[in-house]
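Dear colleague,

Please find below the structure that I am handing over to you. My notes on it follow directly after.

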Amino acid sequence: MLRTIIWFIYFWGILLKLIPSLNRVKKFYNAGKIEERDRLVDEKVKEWSTSLVKLSGTRVTVSGEENIPKDTAVLFVSNHQGNFDIPILLGYIQKPKAFISKIEVKKMPFIGTWMEQLNCLFMDRKNVRQSVQAINEGAKLLKNGTSLVIFPEGTRSKGDDMSEFKAGSFKLATKSGVPIIPVTINGSYKIMEQQKFWIKPADVHLTVHPPIYPEQHQDAKELARVSEEIIKNGVKKAVS
């Protein structure tokens with residue numbers, strides 16, 4: 001219980017402490033210094049993310065990071081076990097990246113602003129037209145060199161079992177032509193979801209799989225099926 005209380009105090013405290021950095025980020029953006037803005041955002045977000053994970057007592061290991069192309073943006077596709085998946089992916093996979101998130105997150109104090117500066121997109125699942133627009137904007141970001149992360153299950157599994165991947169978000173790859181990088185997350189639900197709310201230490205492993213190239217597959221549905229199979233096999237291997 002004490003770890004959880006300390007963690008949440010730190011969570012909001014560090015966001016307040018980062019306000020001066022956020023103001024610098026906005027000044028860079030307003031001055032048209034986009035590269036400086038992007039570097040500062042990536043640096044601060046990585047620091048924030050890794051500190052949150054370490055404070056939980058969690059140990060993260062990563063294998064296969066050499067599979068990520070360095071000379072192009074990519075679409076990271078991952079299973080979604082728990083709330084810590086986002087800070088884990090932000091902090092422990094080095095390639096800068098943004099997320100496609102549910103629109104409710106945009107309303108969270110400070111977090112929504114940092115996500116906007118990170119080039120994250122927000123999707124309203126209840127609004128089909130807005131969702132299509134978000135996909136089109138995401139494809140443009142990918143073409144322009146910003147890597148994105150999607151969770152095609154649509155929600156947290158809170159365990160080792162996975163839900164079927166939704167094909168719609170894979171249009172980001174078919175429209176942009178960038179490689180898909182499947183990522184298997186193992187064990188993140190043990191940090192919080194396994195105890196319903198309380199935080200406790202866990203061992204989490206990220207497996208970064210080789211790229212999938214959209215042009216080698218028929219359509220978004222096939223990309224969803226192939227990605228799901230690769231990631232699911234990664235989970236099965238870890239729990240067997």
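Glu153 is in contact (heavy atoms within 4.5 Å) with Asn79, His80, Asp161, Met162, Ser163, Glu164, Phe165 and Lys166, leaving aside its neighbours within four places in sequence. The model is a predicted one: local features need pLDDT of at least 70, side-chain atom pairs count only at pLDDT 80 or more, and totals for chains, interfaces and linings use all residues. Residues are numbered from 1 along each chain as its sequence is written, and side-chain values use heavy atoms, with hydrogens and water left out.

Glu153 lies in the loop between strand S5 (148–150) and helix H7 (171–176); helices (H or I, at least four residues) and strands (E, at least two) are DSSP runs, numbered from the N terminus. The side chain of Glu153 reaches the backbone nitrogen of His80 at 2.7 Å. Glu153 is buried but has no salt bridge, and the nearest side chain of opposite charge, that of Lys232, is 8.3 Å away. Buried means under 20% relative accessible area (1.4 Å probe, protein chains only), and a salt bridge is a side-chain nitrogen of Lys or Arg within 4 Å of a carboxyl oxygen of Asp or Glu. For charge, Lys and Arg count as positive and Asp and Glu as negative, while His and the chain ends are not counted.

Helix H4 (residues 85–92) is largely enclosed by the rest of the structure, because seven of its eight residues are buried. Among them are Asp85, Pro87 and Tyr92.

Strand S7 (residues 203–208) runs parallel to S1 (residues 59–63), joined by five bridges; strands pair if DSSP finds at least two bridges between them. Four bridges join S7 to the antiparallel strand S6 (residues 180–186), where Thr184 has Thr207 as its bridge partner.

Yours sincerely

Terms used: Buried means under 20% relative accessible area, exposed over 50%, partly exposed in between (1.4 Å probe, protein chains only). A polar contact is a pair of N or O atoms within 3.5 Å; within protein, one must be able to donate a hydrogen and the other to accept it, and residues adjacent in sequence count only if both atoms are side-chain atoms.
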